Amino acid sequence: MKMKKVILPLVASVLAVSMLSACGSKSDDGASGGTVKIEFFQNKTEAKATFDKLIAKFNSANPTIKVTQVNPPDAETVLKTRVAKKQVPDVIGLGATDTYSTLAKSGQFEDFTSDPLTKNIQPAYLEMLKAQTGLSTLNGIPFSTNANGVIYNKALFKELGLEVPKTWDEFMAVAQKAKDAGKTPFYLTLKDSWTTLIPFNGLEPGVVGLDFFKQRKEGTVTFKDKFREVADKQLQLISFGQKDMYGKGYNDGNVAFAKGESVMYLQGVWAIPEIQKANPGIELGVFPFPATNDPAKNKLVSGVDTLLTVSKSSKHKEEAKKFIDFLLQQDNVKQYITEQKAFPAVQGVTQDDPSVADLKPSFEQGNLADFADHYIPGAMKVDTIIQGFLQKKDVDAYLNSLDTEWDKVANRK
């Protein structure tokens, strides 16, 4: 995560790359008339308006620096293209994805290992970034975090006499009780392949554990060995979805859940603002994914949703870091997480929205696990593998495909 991915037509991506390349081909160094120009490139479409407000605030307080936000369609593809053309933006906001890991390992970003900017960052998220890249250096600063979970309609839970489940069996019992009452337990949006990652990420840490991916790299385990329970539970979940689940996408799901068309919704907290736009009066909550029958193993899946980093090739690193320092100030972090329903990576800031109150104990106790797909090479296209599996329901073929595609990517390196 995982954080929402926006998949737009290739034409839009190519057009964005062309336009940005043309901008990046200018011969100036980003300074004009005594004003230093900083490009802030970030990948979250839903966060653009919030960042626009923060940028306006920064620019007003710093008249010798002008920050401009760039937020193109299919941003990660655009960023990789720009890196190949040696047109790397000054400041980058990116999820802790395989793209970040690959670019960090190729030496594109500044080293923040001993930088004062990290002094108030929660250590668990700093360690997540290091664990993901496998580097001893820290090449990004966690800004905001998010969580996968189960969004639920509080009014329908009350109407049906349901309680928030703590174990897998309780979870399935809640789904069955909703189904028996003539309600749709889960609204599923399998037309958008990335949404299949929500339950995958929810199940993997408790059922298998993130150490699996290190062991898989070492060749000591296989998906076929370890992932059968995950696969079986993925199929069990979709048995409680609506009939047209393969024809509905993320936006459809947000609106349908907002209208009360399902009791629960397998999504991340980033969906909450969109749901509330469709129905401002909805009473909803979010609980951690109960992946197993051992509550101690059922961790909240939470990872770095947006990290901030500076291009090693930037000609204005001092000004770029000044902008990052501004974003990391507590009042600015608070504004961002309030508007985005995200969680802070900065210590001393809290998320107080009642819709996510059920997640607070997990954060307070540190009962957290990273997104499993952050450890899977992007070239595997694991979301499309899962999407195909859920349609065909062939567990053996699914597990073999995961192993085969992993090995292809490993042999390519």
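In which strand is the place of Gln-42? Gln-42 lies in strand 2, residues 35-42. Helices (H or I, at least four residues) and strands (E, at least two) are DSSP runs, numbered from the N terminus. The model is predicted: local features need pLDDT of at least 70, side-chain atom pairs count only at pLDDT 80 or more, and totals for chains, interfaces and linings use all residues. Residues are numbered from 1 along each chain as its sequence is written, and side-chain values use heavy atoms, with hydrogens and water left out.

Gln-42 has 1% relative accessibility and counts as buried. Buried means under 20% relative accessible area, exposed over 50%, and partly exposed in between (1.4 Å probe, protein chains only). On the helix 2 side, the contact is made by Phe-51, Leu-54, Ile-55, Lys-57 and Phe-58. Helix 14 contributes Lys-322, Phe-323, Phe-326 and Leu-327.

Helix 15 spans residues 330-340. Its buried residues are Asn-332, Val-333, Tyr-336, Ile-337 and Gln-340. Seen down the helix axis, they fall within an arc of 125°, so they line one face of helix 15. The arc is that of the directions from the helix axis to the C-beta atoms. An α-helix has 3.6 residues a turn, so residues three or four places apart point the same way. The buried residues of helix 15 pack against several elements, including helix 2 (48-61), helix 14 (317-327) and strand 9 (343-344). Lys-341 follows helix 15 and has a positive phi, near 55°.

The whole structure holds 27 aromatic pairs. Rings of Phe, Tyr and Trp (its six-membered ring) pair if their centres lie within 6.5 Å; planes under 30 degrees apart count as stacked, over 60 as edge-to-face and the rest as tilted. The rings of Tyr-152 and Phe-157 have centres 4.7 Å apart and planes at 50°, so this pair is tilted. Tyr-152 is buried at 7% relative accessibility, and Phe-157 is buried at 3%. For Phe-212 and Phe-213, the ring centres are 5.3 Å apart and the planes stand at 85°, so the pair is edge-to-face. Both of these residues are buried.

Ring pairs also link a cluster that includes Tyr-152, Phe-157, Trp-168 and Phe-171. The charged end of Lys-233 sits over the ring of Trp-168, 4.9 Å from its centre. Here a charge sits over a ring if NZ of Lys or CZ of Arg is within 6 Å of the ring centre and within 35 degrees of the ring normal.

Technical notes. Contact = heavy atoms within 4.5 Å.
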